[in-house]
Amino acid sequence: MHFAALCSVDESVRKPELYIKNNVTGTLNLLEAMVEGKVQKIIFSSTCAVYGDAQYLPIDEKHPTKPLNPYGQSKFEAEKEIEKFGKLHGFNYVILRYFNVCGADSDGEIGDSKKPSELLVQNAVRGALGIEYFRLTCGKADTPDGTPIRDYIDVEDLVDAHINALSYLNKGKPSGIFNLGNGKGWSVKEIVNAVKKELGVEFVVKKGKERKGEYDKVYADIKKAKSLLDFNPKKTLADSVKSLVKWYNNKKNGYKK
């Protein structure tokens with residue numbers, strides 16, 4: 001399972017060469033090592049950023065791939081390397097295109113430790129708990145409330161999807177690409193209001209530095225993953241918020257003591 005990547009859209013716009021070196025060349029190095037080690041199955045963490053702006057919604061796996069930023073482009077090029085090695089060396093692969101990941105493990109023992117986090121729900125919970133100010137980093141979007149719309153998937157549902165993908169490959173099923181999300185879109189403002197409601201608190205929303213390379217709205221069609229990977233998201237947005245509250249109450253500064 002290949003999870004390793006740089007994954008900041010904003011950073012990729014400022015430093016695109018890092019994303020080619022790490023995400024594309026790094027994947028190529030791994031694939032060459034797999035050939036040498038006679039490993040012929042791979043599950044790859046990709047992203048909905050490979051699609052770019054939505055030409056229709058929800059986005060299925062047949063949607064045109066036109067990344068808008070170097071991060072999405074680097075993951076798309078890594079996908080192409082995996083597909084090429086699959087044909088040349090008989091690899092079987094599952095490429096999982098994540099939509100936005102949220103939540104922590106239900107016990108609050110494992111969670112997002114990046115500072116600052118790139119993840120909206122995590123940052124909103126940190127703001128609600130008073131750990132740090134919450135800052136909006138999105139620009140004006142062509143959506144009903146003016147903020148970007150995204151599809152959010154809980155990390156534990158994501159874990160289940162990887163286990164199912166491994167079972168899928170171990171049964172000798174054909175290589176494939178699958179979207180992983182909830183199949184529903186929430187705007188940034190809707191997420192912030194949901195966190196406020198779940199925790200029963202108000203918190204200050206400040207304006208932060210606007211992130212570059214973003215798009216207006218995207219959410220997933222997950223019928224293919226449901227059908228072939230037996231993928232069935234179980235966690236609600238409220239579940240994700242509750243798990244994050246446990247995580248940040250347990251380790252508000254990540255794994256540092």
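I looked up the bridge partner of Ile42 and found Tyr93 in strand 2; strands, like helices, are DSSP runs numbered from the N terminus, with at least two residues (E) for a strand and at least four (H or I) for a helix. I note that this is a predicted model, in which local features need pLDDT of at least 70 and side-chain atom pairs count only at pLDDT 80 or more, while totals for chains, interfaces and linings use all residues. Residues are numbered from 1 along each chain as its sequence is written, and side-chain values use heavy atoms, with hydrogens and water left out.

I next followed the pairing of strand 1 with strand 2 (residues 92–98), which is parallel and runs over seven bridges; two strands count as paired if DSSP finds at least two bridges between them. Phe44 has Ile95 of strand 2 opposite it. Strand 2 also pairs with strand 7 (residues 176–180), again in the parallel sense, over five bridges, and there I found Tyr98 opposite Leu180.

Strand 1 (residues 41–47) has six of its seven residues buried, so I record it as largely enclosed by the rest of the structure. For strand 2 I wrote down six buried residues of seven, so this strand too is largely enclosed by the rest of the structure. Buried here means under 20% relative accessible area, exposed means over 50%, and partly exposed is what falls in between, with a 1.4 Å probe and protein chains only.

**Lys75**

Lys75 belongs to helix 3 (residues 70–89). I found Lys75 buried and without a salt bridge, the nearest side chain of opposite charge being that of Glu79, 8.0 Å away; a salt bridge requires a side-chain nitrogen of Lys or Arg within 4 Å of a carboxyl oxygen of Asp or Glu. In this count Lys and Arg are positive and Asp and Glu negative, with His and the chain ends not counted. With neighbours within four places in sequence left aside, the contacts of Lys75 (heavy atoms within 4.5 Å) include Phe44, Ser45, Ser46 and Thr47.

**Cysteines**

How many disulfides does the structure hold? I found zero, a disulfide being a pair of cysteine sulfur atoms within 2.5 Å. The closest cysteine sulfur to that of Cys48 is in Cys7, 12 Å away, which is too far for a bond, and for Cys102 the closest is in Cys48, at 13 Å, also too far. Cys48 is buried at a relative accessible area of 3%, and Cys102 is buried at 2%.

**Loops and backbone**

I noted a cis peptide bond between Leu57 and Pro58, with omega about -10°; Pro58 lies in the loop between strand 1 and helix 3. Lys38, in the loop between helix 2 and strand 1, has a positive phi near 60° although the residue is not glycine, and Lys38 is exposed with a relative accessible area of 73%. Asp230, in the loop between helix 7 (223–228) and helix 8 (237–250), likewise has a positive phi, near 55°, and Asp230 is exposed at 62%.
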